[in-house]
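Please open the model in a viewer and keep the selection panel at hand.

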Amino acid sequence: MRKFSSALALGVCVSLAASSAAWALELKSTDVAEGQLLHADQVYQGFGCQGANVSPQLEWSGAPAGTQSFALTVYDPDAPTGSGWWHWSVYNLPASAMRLERGVGQGAALPTGAQQGRNDYGAYGFGGACPPVGDTPHRYIVTVRALKVKKLELPVDASPALIGFMLNANTLASATITARYGR
(Lines give C-alpha, C1' and ligand atoms only; values in the text may rest on other atoms or scores of the structure.)
Protein backbone atom coordinates (compact mmCIF):
# COMPACT_ATOMS: atom_id res chain seq x y z
CA MET A 1 0.00 0.00 0.00
CA ARG A 2 2.81 2.41 0.78
CA LYS A 3 4.33 2.04 -2.72
CA PHE A 4 0.94 2.71 -4.27
CA SER A 5 0.44 5.86 -2.16
CA SER A 6 3.86 7.21 -3.12
CA ALA A 7 3.26 6.52 -6.79
CA LEU A 8 -0.18 8.09 -6.60
CA ALA A 9 1.22 11.18 -4.85
CA LEU A 10 3.95 11.47 -7.48
CA GLY A 11 1.36 11.19 -10.24
CA VAL A 12 -0.78 13.91 -8.68
CA CYS A 13 2.26 16.20 -8.34
CA VAL A 14 3.29 15.63 -11.95
CA SER A 15 -0.30 16.23 -13.09
CA LEU A 16 -0.56 19.47 -11.09
CA ALA A 17 2.80 20.68 -12.41
CA ALA A 18 1.74 19.95 -15.98
CA SER A 19 -1.60 21.72 -15.56
CA SER A 20 -0.01 24.81 -14.00
CA ALA A 21 2.61 24.96 -16.76
CA ALA A 22 -0.22 24.92 -19.30
CA TRP A 23 -1.37 28.33 -18.10
CA ALA A 24 1.90 30.02 -17.24
CA LEU A 25 1.28 33.66 -18.11
CA GLU A 26 3.90 34.98 -20.52
CA LEU A 27 4.64 38.56 -21.61
CA LYS A 28 6.47 39.47 -24.83
CA SER A 29 7.34 42.70 -26.61
CA THR A 30 8.98 43.79 -29.83
CA ASP A 31 10.05 47.03 -28.07
CA VAL A 32 11.22 45.98 -24.59
CA ALA A 33 13.50 43.04 -23.76
CA GLU A 34 14.45 41.42 -20.45
CA GLY A 35 17.60 42.98 -19.02
CA GLN A 36 18.16 45.24 -22.03
CA LEU A 37 18.29 49.04 -22.24
CA LEU A 38 15.11 50.87 -23.21
CA HIS A 39 15.09 52.44 -26.64
CA ALA A 40 14.77 56.24 -26.91
CA ASP A 41 11.17 55.68 -28.02
CA GLN A 42 10.26 54.62 -24.46
CA VAL A 43 12.04 57.64 -22.88
CA TYR A 44 10.05 60.62 -21.62
CA GLN A 45 10.07 63.95 -23.46
CA GLY A 46 10.54 66.56 -20.72
CA PHE A 47 12.31 67.07 -17.37
CA GLY A 48 15.57 67.15 -19.33
CA CYS A 49 14.90 63.84 -21.08
CA GLN A 50 14.85 63.65 -24.86
CA GLY A 51 12.71 60.73 -25.97
CA ALA A 52 9.65 59.95 -28.06
CA ASN A 53 7.52 58.90 -25.03
CA VAL A 54 5.88 56.03 -26.95
CA SER A 55 4.35 53.11 -25.08
CA PRO A 56 5.80 49.73 -26.07
CA GLN A 57 4.08 47.01 -28.04
CA LEU A 58 3.09 44.23 -25.62
CA GLU A 59 1.46 40.82 -26.02
CA TRP A 60 0.67 38.04 -23.60
CA SER A 61 -0.56 34.46 -23.50
CA GLY A 62 -1.20 31.62 -21.08
CA ALA A 63 -3.81 33.19 -18.80
CA PRO A 64 -5.04 30.95 -15.97
CA ALA A 65 -8.59 29.64 -15.73
CA GLY A 66 -10.85 32.21 -14.13
CA THR A 67 -9.19 35.21 -15.80
CA GLN A 68 -11.87 37.87 -16.32
CA SER A 69 -9.67 40.82 -17.32
CA PHE A 70 -6.08 41.99 -17.61
CA ALA A 71 -4.04 44.97 -16.45
CA LEU A 72 -0.64 46.31 -17.52
CA THR A 73 1.74 48.48 -15.55
CA VAL A 74 5.19 50.01 -15.97
CA TYR A 75 6.94 50.79 -12.69
CA ASP A 76 10.40 52.09 -11.71
CA PRO A 77 11.26 50.86 -8.18
CA ASP A 78 14.57 52.78 -8.26
CA ALA A 79 13.16 56.30 -8.54
CA PRO A 80 14.45 58.48 -5.67
CA THR A 81 10.98 59.08 -4.22
CA GLY A 82 10.78 56.55 -1.41
CA SER A 83 7.93 54.83 -3.26
CA GLY A 84 9.18 54.32 -6.83
CA TRP A 85 7.56 55.82 -9.92
CA TRP A 86 4.48 54.63 -11.82
CA HIS A 87 4.94 55.23 -15.55
CA TRP A 88 1.76 53.58 -16.83
CA SER A 89 -1.27 51.61 -15.82
CA VAL A 90 -3.95 50.17 -18.06
CA TYR A 91 -6.72 48.16 -16.43
CA ASN A 92 -10.14 46.68 -17.26
CA LEU A 93 -8.66 45.15 -20.40
CA PRO A 94 -11.17 42.48 -21.51
CA ALA A 95 -10.16 38.83 -21.11
CA SER A 96 -10.19 38.54 -24.92
CA ALA A 97 -7.45 41.20 -25.26
CA MET A 98 -4.02 39.64 -25.71
CA ARG A 99 -1.94 42.59 -26.95
CA LEU A 100 -1.52 46.34 -27.00
CA GLU A 101 -0.05 47.98 -30.04
CA ARG A 102 2.91 50.33 -29.84
CA GLY A 103 1.79 53.87 -29.00
CA VAL A 104 -1.57 52.97 -27.50
CA GLY A 105 -0.56 54.83 -24.32
CA GLN A 106 -0.71 58.17 -26.14
CA GLY A 107 -4.35 58.22 -27.11
CA ALA A 108 -4.66 55.47 -29.73
CA ALA A 109 -7.76 53.39 -29.17
CA LEU A 110 -7.63 50.98 -26.25
CA PRO A 111 -9.80 47.85 -26.32
CA THR A 112 -13.41 48.63 -25.38
CA GLY A 113 -13.81 49.13 -21.63
CA ALA A 114 -10.09 49.52 -20.87
CA GLN A 115 -8.93 52.53 -18.86
CA GLN A 116 -5.59 54.21 -18.30
CA GLY A 117 -4.72 55.41 -14.83
CA ARG A 118 -2.92 58.55 -13.82
CA ASN A 119 0.86 58.13 -13.82
CA ASP A 120 3.34 59.81 -11.48
CA TYR A 121 3.89 62.59 -14.02
CA GLY A 122 0.27 63.53 -13.22
CA ALA A 123 -1.04 62.58 -16.67
CA TYR A 124 -3.20 59.75 -18.00
CA GLY A 125 -1.38 57.39 -20.32
CA PHE A 126 2.20 56.30 -20.78
CA GLY A 127 5.06 58.37 -19.37
CA GLY A 128 8.49 57.14 -20.44
CA ALA A 129 11.71 56.64 -18.49
CA CYS A 130 13.51 59.71 -17.14
CA PRO A 131 15.86 58.86 -14.27
CA PRO A 132 18.08 61.54 -12.74
CA VAL A 133 21.39 62.19 -14.52
CA GLY A 134 24.19 60.15 -12.97
CA ASP A 135 21.98 57.55 -11.27
CA THR A 136 22.78 53.90 -11.77
CA PRO A 137 20.44 52.71 -14.55
CA HIS A 138 16.94 52.24 -13.19
CA ARG A 139 14.80 49.13 -13.61
CA TYR A 140 11.55 49.48 -15.55
CA ILE A 141 9.26 46.60 -14.69
CA VAL A 142 6.57 45.97 -17.29
CA THR A 143 3.91 43.68 -15.81
CA VAL A 144 0.79 42.04 -17.17
CA ARG A 145 -1.66 40.72 -14.60
CA ALA A 146 -4.50 38.28 -15.12
CA LEU A 147 -7.32 39.46 -12.85
CA LYS A 148 -10.15 37.52 -11.20
CA VAL A 149 -12.62 40.37 -11.72
CA LYS A 150 -14.12 41.70 -14.93
CA LYS A 151 -13.80 45.32 -13.85
CA LEU A 152 -11.89 47.20 -11.16
CA GLU A 153 -14.22 49.76 -9.63
CA LEU A 154 -11.91 52.75 -9.32
CA PRO A 155 -12.55 56.49 -9.44
CA VAL A 156 -11.33 58.18 -12.62
CA ASP A 157 -8.72 60.11 -10.62
CA ALA A 158 -7.46 57.09 -8.63
CA SER A 159 -3.87 57.45 -7.47
CA PRO A 160 -1.26 55.02 -8.79
CA ALA A 161 -1.03 53.56 -5.26
CA LEU A 162 -4.80 52.82 -5.15
CA ILE A 163 -4.65 51.24 -8.60
CA GLY A 164 -1.69 49.11 -7.46
CA PHE A 165 -3.53 48.04 -4.33
CA MET A 166 -6.59 46.92 -6.33
CA LEU A 167 -4.43 45.11 -8.87
CA ASN A 168 -2.56 43.20 -6.17
CA ALA A 169 -5.83 42.28 -4.43
CA ASN A 170 -7.29 40.79 -7.62
CA THR A 171 -4.30 39.17 -9.38
CA LEU A 172 -4.47 35.50 -10.36
CA ALA A 173 -1.11 35.46 -12.18
CA SER A 174 1.45 37.92 -13.50
CA ALA A 175 4.40 38.04 -15.87
CA THR A 176 7.09 40.70 -16.19
CA ILE A 177 9.80 42.07 -18.41
CA THR A 178 12.42 44.17 -16.61
CA ALA A 179 14.38 46.58 -18.78
CA ARG A 180 16.89 49.27 -17.72
CA TYR A 181 17.63 52.86 -18.55
CA GLY A 182 20.07 55.47 -17.23
CA ARG A 183 21.49 58.80 -18.35
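The tour begins with conventions and then turns to selections.

This is a predicted model, in which local features need pLDDT of at least 70 and side-chain atom pairs count only at pLDDT 80 or more, while totals for chains, interfaces and linings use all residues. Residues are numbered from 1 along each chain as its sequence is written, and side-chain values use heavy atoms, with hydrogens and water left out.

**Whole chain.** From the N terminus, the order is α-β-β-β-β-β-β-β-β-β-α-β.

The structure holds two cavities of 30 Å³ or more. A cavity is a set of points on a 1 Å grid over the protein atoms alone where a 1.4 Å probe fits but cannot get out, and lining residues have an atom within 4 Å of a point. Grid points are joined across faces, edges and corners, and a volume is the space filled by probe spheres set on the points. The largest cavity contains about 60 Å³. Select its lining, including Val 32, Leu 38, His 87, Phe 126 and Tyr 140.

**Second largest cavity.** Next, select Thr 73, Trp 86, Ser 89, Arg 118, Pro 160, Ile 163, Gly 164 and Leu 167, which line the second largest cavity. Strand 6 (85–94) and helix 2 (160–170) each give two or more residues to this lining; helix 2 supplies the largest share, four residues. The space here is about 40 Å³.

Terms used:
1 Å grid on protein atoms, 1.4 Å probe; cavity = no way out; pocket = protein on both sides within 12 Å on 5 of 7 lines; lining within 4 Å.
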